[in-house]
Amino acid sequence: MSGDTVSREPVAVVGAGPVGLTAALVLARTGVRVTLLESRETLATESRASTFHPSTLDLLDELGVAAALRRQGRTVDRVQWRDLDGFVHAELDYSLLAGHTGHPYRLHVEQARLTPLLLAELTATGLADIRFGTTVTGADHIGGGGTGGETGGGAGGGVRLRTEDAAGRVTVTRHPYVLAADGSRSALRELAGLPGTAEEYPDYALRVVTGTPLDELVPGLAPLSYVRDTRASFSALGMPDHWRLIFRIPRGTDRDAVLAPEAVRARVEQALPGAAGKAVRIDDAHTYRLARFLLPRYRAGRVLFAGDAAHLTSTAGGLNMNCGIHDAVETGRALASVLRGDAPGEAALDAALERRRSVVETAVIPRSEARTAGLDSAAELLARLASLRRTAADPRSAVDYLLKASLLDVAPRPLKGDAHADLVSQAHR
């Protein structure tokens with residue numbers, strides 16, 4: 001390793017997506033210095049997750065970016081279930097969540113709109129060393145705790161990271177902890193020897209993007225609509241400047257045939273009979289796989305895992321990225337508490353990591369999978385729609401549904417008032 005440089009850094013966060021940037025900002029806001037490592041040369045810009053739930057907006061508001069994000073997005077005030085003929089089976093208004101959240105609505109906006117806001121706030125703290133174009137190529141534990149251990153060992157423990165930049169320069173740094181938020185193909189997870197095989201769902205997804213304002217063509221179409229019909233079922237999401245139609249495609253269906261322009265056009269025309277005779281521009285059509293994955297534990301010694309590095313779920317309900325941001329907030333808070341010496345040992349950190357894993361196992365995965373349940377037969381579909389109508393007719397059931405759909409019942413609570421002021425004050429002592 002001739003020519004390598006060695007330095008000490010407080011905490012390394014690997015990955016500059018929404019999860020990594022959120023975690024880094026939570027740490028920096030409490031006075032913890034961070035090194036943010038990202039293998040890309042710039043922030044990602046491709047189309048990815050696009051739904052922010054009320055629980056997540058509450059936490060982003062605490063970090064000072066929710067208002068700016070909302071200005072760039074589309075506010076969704078209701079969720080709707082309808083059929084191909086335009087009959088609305090059920091509709092729930094997010095205003096029912098008033099009193100449970102400071103943001104009683106869902107926001108549709110690309111995650112690529114959030115990351116620059118988080119990066120700007122992180123830079124402004126003056127406590128972040130941000131390194132783009134830097135790939136982690138090695139990780140070794142120092143002192144107590146190995147990569148396979150549940151805990152990090154003694155006070156002298158830490159992690160030695162080996163990184164390489166685009167020019168091939170190698171750097172070795174030391175960190176008391178590393179937070180891996182480097183996605184579903186996490187290099188840190190592989191270096192730690194943790195399992196990383198996802199279980200594919202029987203179906204895959206087709207996403208069709210159109211710039212045509214569908215709510216102007218289809219009467220009463222809500223910006224969050226689930227079309228449930230024995231002839232065709234799909235989701236329609238209204239974005240700030242386009243619409244997304246998401247179809248579930250059975251495994252074994254030839255993808256080339258599905259993506260053929262004439263097949264895409266025929267599927268869209270069947271899905272939007274209210275737009276019959278009117279041109280619906282198809283700007284893009286692509287497929288993506290659906291899978292689930294859950295790490296058996298969210299730490300390997302002093303390496304902690306969050307977001308897609310720790311879990312994957314079906315995209316139904318838009319829960320996975322939101323859960324990842326929740327991981328970042330709760331893990332960041334707990335780690336900051338350990339580093340500040342607020343509590344002896346690492347019990348609070350271990351409890352936070354186990355809580356985050358439990359949320360995915362008991363809430364996120366089941367709720368996500370439930371979104372597409374009951375679509376395989378006419379009888380199941382009719383029963384599901386009847387259940388939704390009963391839910392919409394009962395205010396208590398409607399609130400309970402929205403609370404769970406928004407993860408408000410399992411998300412970390414935002415710090416406000418004196419608690420938030422105390423945390424910020426401690427960071428500047």
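The following conversation goes through the fold of a predicted model.

Q: What do the numbering and the values rest on?
A: Residues are numbered from 1 along each chain as its sequence is written, and side-chain values use heavy atoms, with hydrogens and water left out. The model is predicted, so local features need pLDDT of at least 70 and side-chain atom pairs count only at pLDDT 80 or more, while totals for chains, interfaces and linings use all residues.

Q: How many helices and strands are there in the protein?
A: The protein has 13 helices and 21 strands. Both are DSSP runs numbered from the N terminus: helices are H or I with at least four residues, strands E with at least two.

Q: Which strand order does the open sheet of eight have?
A: The order is β7-β6-β15-β16-β17-β14-β18-β21, with mixed pairing; two strands pair if DSSP finds at least two bridges between them.

Q: And which are the edge strands?
A: They are β7 (88–93) and β21 (311–312), each of which pairs on one side only.

Q: In what sense do β16 and β17 pair, parallel or antiparallel?
A: Strand β16 (residues 234–238) and strand β17 (residues 243–250) are antiparallel, over five bridges. W243 in β17 stands opposite G238.

Q: Which strands does helix α8 lie across?
A: Helix α8 (residues 261–271) lies across β14 (199–210), β16, β17 and β18 (284–294), and runs at about 105 degrees to β17. Axes are lines fitted to C-alpha atoms, for helices over the stretch in contact (heavy atoms within 4.5 Å). Angles run from 0 to 180 degrees between N-to-C directions.

Q: What about α11?
A: Helix α11 (residues 378–393) lies across β6 (78–82) and β7, at about 40 degrees to β7.

Q: Changing topic: why is β12 largely enclosed?
A: Five of the six residues of strand β12 (residues 170–175) are buried, so the rest of the structure largely encloses this strand. Buried means under 20% relative accessible area, exposed over 50%, and partly exposed in between (1.4 Å probe, protein chains only).

Q: Over how many bridges does β11 pair with β12?
A: Strand β11 (residues 158–165) and β12 pair in the antiparallel sense over six bridges, and R160 has R174 in β12 as its bridge partner. Their hairpin has four residues between the strands, and G168 there takes a positive phi near 90 degrees.

Q: Finally, how much of the protein is buried?
A: Of its 429 residues, 52% count as buried.
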